[in-house]
Amino acid sequence: MTEIVHVSAPELVTYADEMAELLVETVEEGSSVGFLAPLDRETAADWWRERAGDTGAGRIDTWIAREGARVLGTIALVRAPLPNARHRAEVAKLMVRSSARGRGVGRTLLDAVEAYAASEGITLLILDTESGSLAEQVYCKAGWTRVGSVPGYAADPSGSLRPTTFYYKQLAAP
C-alpha cells in the first residue's frame with residue numbers, strides 16, 4: 001500500500017539516498033527537473049540533503065510516496081520568501097518512478113500538497129513543467145489553469161533548451 005509522508009528535515013536526510021535514486025532515474029528518462037545528464041547518485045543525494053536546511057527553516061515542505069522504505073515519488077512546496085507573497089507558494093519536483101506511474105501516485109502527492117497549502121492559509125499555487133510532458137495531463141486533470149508557455153525556458157537533461165508551461169491553482173481561503 002502506498003503511503004504519503006510529509007517529511008521532516010531529519011527524515012529528508014534519512015531518505016536522501018532513496019530519493020537520489022528517484023531523481024537519477026527521472027533525469028535518465030529525460031524529464032526536465034533542473035538537472036543535466038549524467039547525474040550521479042552521490043550528487044543527487046547531496047542535493048536532497050542540502051534541502052534539509054530549507055525544510056528545517058520552514059521554506060520548503062517535502063512529501064514522499066512510499067511503499068515500505070522504497071520511495072515511489074516526491075513533491076515539494078516552496079514558500080514565497082517576501083512579505084507581500086505569503087499567500088502563494090510554488091509546487092516543485094513532482095517525480096514518480098516509472099514503475100509506479102499510472103497508479104495515481106502523482107495525483108495523490110499533488111492532492112496532499114494542495115490540502116496542506118490550504119490548511120496553511122496559502123491561497124495561490126504556481127508551478128511550471130516542460131511543455132508537452134506527461135505531467136501537463138496530471139495538472140490539467142487536477143484543475144490547474146494554464147497561463148502560457150515560454151520557449152527555450154529550461155534545458156532538458158541533454159542540454160537542449162525546451163519550452164516551459166506555467167500553471168496556477170487558486171485554493172479556498174481557510
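The lining of the largest pocket comprises 37 residues, with Leu94, Thr129, Ser133, Ala135 and Tyr139 lying nearest the pocket centre. The model is predicted, so that local features require pLDDT of at least 70 and side-chain atom pairs pLDDT 80 or more, whereas totals for chains, interfaces and linings use all residues. Residues are numbered from 1 along each chain as its sequence is written, and side-chain values use heavy atoms, leaving out hydrogens and water.

A pocket is an open set of points on a 1 Å grid over the protein atoms alone where a 1.4 Å probe fits, with protein on both sides within 12 Å along at least five of seven lines; lining residues have an atom within 4 Å of a point. The volume of the largest pocket is about 1000 Å³, taken as the space filled by probe spheres set on points joined across faces, edges and corners. At least two lining residues come from each of strand E4 (88-96), helix H4 (105-119), strand E5 (124-130), helix H5 (134-141) and strand E6 (145-155). Helices (H or I, at least four residues) and strands (E, at least two) are DSSP runs numbered from the N terminus. The greatest contribution is that of E4, with seven residues.

Helix H2 (residues 16-28) packs against helix H3 (residues 41-56) at an angle of about 120°, with the axes 8 Å apart. Axes are lines fitted to C-alpha atoms over the stretch in contact, and angles run from 0 to 180 degrees between N-to-C directions.
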